[in-house]
Amino acid sequence: AKVSADGTLSEKSNMDWSLEAPDLGDLLPDSSGSIQANGKLSGDMKQPKINARLMAERVALNAFTLEHLDGDIDVELSEGASARIQLNGTNLGSGDDLVETLGLTVEGPLDAHRIQLTAKHPMAEVRLDAKGALTLDESQWQGELGRLDLDMTDWGNWRLKAPVTILASPAQAKVAPLCLQDSGTALCSELDWQPGGGSAKAALS
């Protein structure tokens, strides 16, 4: 395995880095597979710009395995800056319980970005589409879940009945009524949590 870094890491950083691990077992015990990654960290350390590329093949780490994972990350952690995160993977999970395909895309300014997620498992397929804003000072994400499709092998095809407002931060998590509908059946839930207490409800009708 080879790890390298070239540049400066300070209040104003400018550092290139890379990782080449053709055999992950050289770095971690009880593991196998290969990982290649490289990137750049630059700008103000309080609001850095992060670029990274990742490729992993046939990784096994304890009980977790994956066949393939690739990632492309371009993020600038400052208000109004744009971000792009793209992750794609195949056969991720533990034992025979594997997610066959996984895709995640985050794109747009931190204060107005879009999140798309697709996943396929032998028991279900999931498609999710959300939009929102990340407030760095408060470590808070607030947005709207506009699409959630859940096609289950044995329990029907569920669709989001209406867009759902979501708030998430270390101080609070709140999900307005989230209702999934399959034909004439609806499953609704909501969450309102704060440190030390909160409430969660679910109802089937």
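In the predicted model, Ala-202 is in contact with Cys-188 and Ser-189, leaving aside neighbours within four places in sequence. Ala-202 belongs to strand β15, which spans residues 197–204. The relative accessible area of Ala-202 is 66%. This residue is therefore exposed, since the cut-off lies at over 50%. Gly-89 is 113 residues away from Ala-202 in sequence, and the two C-alpha atoms are 32 Å apart.

The protein contains zero helices and 15 strands. Its C-alpha atoms fill a box of roughly 60 × 40 × 30 Å along the principal axes. Of the 205 residues, 28% are buried. The protein exposes about 12,300 Å², with carbon and sulfur atoms supplying 55% of that area. Among contacts between residues at least 6 apart in sequence, 29% join residues at least 24 apart.

In soluble globular proteins, nonpolar side chains tend to be buried together. Here, the largest nonpolar core has twelve residues, including Val-106, Ile-115, Ala-130, Trp-141 and Leu-148. Two or more residues each come from β10 (140–152), β11 (156–160), β12 (164–169) and β13 (172–182). Strand β10 gives the largest share, three residues. Leu-148, a member of this core, touches Val-126, Arg-127, Leu-128, Trp-158, Arg-159, Leu-160 and Leu-180, not counting residues up to four places away in sequence. Another core, of seven residues, lies apart from the largest one. Leu-24, Ile-35, Val-59 and Leu-69 are among its members.

Charged groups comprise 17 positive and 31 negative charges.

Methods: Residues are numbered from 1 along each chain as its sequence is written. This is a predicted model: local features need pLDDT of at least 70, side-chain atom pairs count only at pLDDT 80 or more; totals for chains, interfaces and linings use all residues. Side-chain values use heavy atoms; hydrogens and water are left out. Helices (H or I, at least four residues) and strands (E, at least two) are DSSP runs, numbered from the N terminus. Buried means under 20% relative accessible area, exposed over 50%, partly exposed in between (1.4 Å probe, protein chains only). Contact means heavy atoms within 4.5 Å. A nonpolar core is a set of buried Ala, Val, Leu, Ile, Met, Phe, Trp, Tyr and Cys residues joined through side-chain atoms within 4.5 Å. Accessible areas come from the Shrake-Rupley method with a 1.4 Å probe; for residues, only the protein chains shown count as cover. Lys and Arg count as positive and Asp and Glu as negative; His and the chain ends are not counted. The place of a charge is taken as NZ of Lys, CZ of Arg, CG of Asp or CD of Glu.
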